[in-house]
Amino acid sequence: MGGLKRVMPLTARTYFIACLAITAAPIPLFAGFWSKDEILWKAFNTENIGTVPGVLIYLMGLAAAVGTSFYMWRSYFLTFEGEHAKPEIATKVHESPRR
């Protein structure tokens, strides 16, 4: 795919906001801040952080958060930005009806 932002602007904006919501850990008003940030902070700030399981839990959570951010933004850019893989795609896709 690619380049669908031109033929599906509302869907592209909605997906962009969804990407921000799930991956925006440093932005306080988005959902990612309240879920990932708090979980990682609690995992880091517990008394067992000096032990191997505590560090491992924190690093696994951090890797999952980074992985989520990577694949969400990759899916957005591959779908909505750039050029169409095939020119006929633009004639076949459309926005979903509002009702």
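How many helices and strands does the secondary structure of the protein come to? It comes to four helices and zero strands, where helices (H or I, at least four residues) and strands (E, at least two) are DSSP runs, numbered from the N terminus. Along the sequence the pattern reads α-α-α-α.

This is a predicted model, in which local features need pLDDT of at least 70 and side-chain atom pairs count only at pLDDT 80 or more, while totals for chains, interfaces and linings use all residues. Residues are numbered from 1 along each chain as its sequence is written, and side-chain values use heavy atoms, with hydrogens and water left out.

**Whole chain.** Show the surface. Its accessible area is about 7,200 Å², and 70% of that belongs to carbon and sulfur atoms; such areas come from the Shrake-Rupley method with a 1.4 Å probe, and for residues only the protein chains shown count as cover. Of the 99 residues, 22% count as buried. Buried means under 20% relative accessible area, exposed over 50%, and partly exposed in between (1.4 Å probe, protein chains only).

**Met8.** Select Met8, in the segment before H1. Met8 is buried, with a relative accessible area of 13%. Leaving aside neighbours within four places in sequence, Met8 is in contact (heavy atoms within 4.5 Å) with Val93, His94 and Glu95.

**Helix H1.** Select residues 9-23. The end C-alpha atoms of H1 are 21 Å apart, which agrees with the 21 Å that its 15 residues should span at 1.5 Å a residue; the expected span is 1.5 Å times one less than the number of residues. Now colour Ala12, Cys19 and Thr23, which are buried. Viewed down the axis of H1, the buried residues fall within an arc of 20 degrees, so they line one face of the helix. The arc is that of the directions from the helix axis to the C-beta atoms.

**Helix H3.** Go to residues 52-80 and pick Thr68, which is found in this helix. Is Thr68 buried or exposed? Thr68 counts as buried because its relative accessibility is 14%. Beyond residues up to four places away in sequence, Thr68 touches Ile22, Thr23 and Lys36.

Then pick Val66, also in helix H3. Val66 is exposed, at a relative accessible area of 52%.
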